[in-house]
Amino acid sequence: MTPSRFACLAAALALLASSPAAAQPAAADVVAKSVQAHGGDALTSWQTLKITGTVLMQDGIAYTGAYTLLAKAPDRLRVEHDATADRGRAFYEYFLNGGVAWSRRNLIPGTLDADRIRRWMDQCYGIAFYARPGVVLELMPEGNIDWPPAATAGAGQAATRKVWVVAATVGTERRYLSIDQETARLLLEATPQGSRYYWDFRTFDGMVMPTRILEITKTRQGESRTPFTWTDVRRNVPIEDWRFAEDMPRK
């Protein structure tokens with residue numbers, strides 16, 4: 001190769017290396033940056049977690065229910081939706097204890113899809129769940145989302161946010177994470193079952209968590225939209241073991 005052709009090739013390679021596509025961070029780097037933006041080790045160092053707030057429920061008409069989530073690492077979870085706090089008639093509870101999942105409505109035990117509540121357990125770790133070994137990450141083309149979701153009452157004026165899009169494969173399930181390029185916060189988590197929007201972030205005990213969440217779940221009739229408000233998030237508070245075992249079915 002002549003010196004002039006070698007110089008041209010070197011210049012082309014340098015131009016390629018400086019192009020926006022080549023400058024894109026790796027998927028693992030994006031997730032790691034987001035973990036730090038949300039509190040770093042605080043997201044995974046808890047042994048117990050308690051979240052309280054409200055949930056907009058449908059029980060014939062819309063009610064604002066009391067919301068409580070109790071978690072105990074690594075695999076115990078209890079979620080309560082109490083519509084009786086606002087003249088409603090239903091009190092829903094969802095449980096995970098090891099590999100066993102079940103539900104109760106007004107204290108009457110029922111069945112529950114274990115994968116559904118395991119996903120709720122995953123969400124207790126926030127973006128840090130996707131930094132775990134065994135989760136396969138792939139950086140997708142950049143995107144833009146309207147955030148917060150404009151259709152949510154009280155969400156405020158929606159703005160277009162430029163995001164990194166990371167595909168995360170958990171077992172056989174592929175999920176898509178939209179991470180804000182400016183703040184590195186997780187704004188949207190999309191799964192085959194639906195999606196969750198996150199906004200109005202606050203710091204709780206070292207964890208930067210959303211205080212507003214819109215959960216959109218696919219149903220046979222189309223989709224259901226459930227808004228949550230988190231008012232308090234606490235790590236490592238005492239939680240009795242019996243709370244994860246009430247009406248627990250036998251294997």
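I looked up burial first: 45% of the 251 residues in the protein are buried (under 20% relative accessible area with a 1.4 Å probe, protein chains only; exposed is over 50%, partly exposed in between). The model is predicted, so I kept to its limits: local features need pLDDT of at least 70, side-chain atom pairs count only at pLDDT 80 or more, and totals for chains, interfaces and linings use all residues. Residues are numbered from 1 along each chain as its sequence is written, and side-chain values use heavy atoms, without hydrogens or water.

I noted 4 helices and 13 strands (DSSP runs numbered from the N terminus; helices are H or I of at least four residues, strands E of at least two).

Next I checked the hairpin. Strand 2 (residues 61–72) and strand 3 (residues 76–82) run antiparallel and share 7 bridges (pairing takes at least two DSSP bridges). I found 3 residues between the two strands. Lys72 stands opposite Arg76 of strand 3.

Then I turned to the core. The largest nonpolar core holds 61 residues (buried Ala, Val, Leu, Ile, Met, Phe, Trp, Tyr and Cys joined through side-chain atoms within 4.5 Å). Leu77, Ile127 and Tyr130 have the most contacts inside it. Beyond four places in sequence, Leu77 touches residues including Leu69, Tyr94, Trp120 and Phe244 (contact is heavy atoms within 4.5 Å).

Last, I looked at Ser178 in strand 9 (residues 173–180). Ser178 counts as buried because its relative accessibility is 8%.
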